[in-house]
Amino acid sequence: MKHISELTTELSALYDGLKNGSIDVKIATEMNNTAGKIINAQRVQLEYAELRKEQPDIDFMKTKAKKVNA
Amino acid sequence: MEETKATRAAYLKAYREANKDKAAAYAKAYREANKDRIGARMKAYNKLYREANKEQIDTWTKEYRKKNKHLIAEQKRAYFLANRDHLKEANKKWEENNKEQRVALNKEWRQTNLEHIKMFRKAYYEQAPDAYLIRKHRCKVIPPQELIEAMRVSLFIKRKLKETK
């Protein structure tokens, strides 16, 4: 997985699998939880960069983040 | 007769003027000495008056609050701003000392207002889905749109999984 958009694609595939019954609910829950962890890791990375007043070029997310309520 | 009345009135006025401070000090001392008794009497009188004029007082209060809504809000805000640190500290202290009670209260409130909470969440999500996700993930920076999309899909699957269970 090289880009965040791939995560969304993976999640869509996961939903399809869940819908047609090819993926077990337990596995789907774990996969979705892992996706949540990846999302949170990215969020922390963005906030860390904001704290350091940096605008890093994160490969995983090409678009830059903005401060909330700025 | 009239002359005597006028003279007496003038004398009384002059006497009062001359002894103004003395009278004030006496009244003050009397009030101080009988503080509890006066206070209890006033309290009892107020209680009786309030009971007798309950409806009228309620109307007045309602009217006053309606008329001075902005002023009351302003006063509340000013009080909050002036005592912000103190209030925060007191709140924190209370929460620390009443942790179990606070958790129980919170739980009870959530249970009682579960339907409202769900309705509010739904409305919030429908009105501002991005803002909802940003708040849900407690983001301090607005994430790129791709990350918000991932959050959205993940939340969608989570809800579906919950429905499946």
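The model is predicted; local features need pLDDT of at least 70, side-chain atom pairs count only at pLDDT 80 or more, and totals for chains, interfaces and linings use all residues. Residues are numbered from 1 along each chain as written, chains are lettered from A in the order in which they are written, and side-chain values use heavy atoms, without hydrogens and water.

The largest nonpolar core has 26 residues, among them Ile4(A), Met61(A) and Leu147(B). Such a core joins buried Ala, Val, Leu, Ile, Met, Phe, Trp, Tyr and Cys residues through side-chain atoms within 4.5 Å, buried being under 20% relative accessible area with a 1.4 Å probe and protein chains only. Helix 10 (145-164) of chain B is one of the elements that give two or more residues to this core, and its contribution of eight residues is the most. Helices are DSSP runs (H or I, at least four residues), numbered from the N terminus. Ile157(B) touches Leu11(A), Leu14(A), Tyr15(A) and Asn32(A), not counting residues up to four places away in sequence; contact means heavy atoms within 4.5 Å.

A pocket is an open set of points on a 1 Å grid where a 1.4 Å probe fits, with protein on both sides within 12 Å along at least five of seven lines; lining residues have an atom within 4 Å of a point.

| Pocket | Volume |
|---|---|
| Largest pocket | about 980 Å³ |
| Second largest pocket | about 250 Å³ |

Helix 8 of chain B supplies nine residues, the largest share of the lining of the largest pocket. For the second largest pocket, the largest share is five residues, from helix 2 of chain A.

Technical notes
Buried means under 20% relative accessible area, exposed over 50%, partly exposed in between (1.4 Å probe, protein chains only). Grid points are joined across faces, edges and corners, and a volume is the space filled by probe spheres set on the points.
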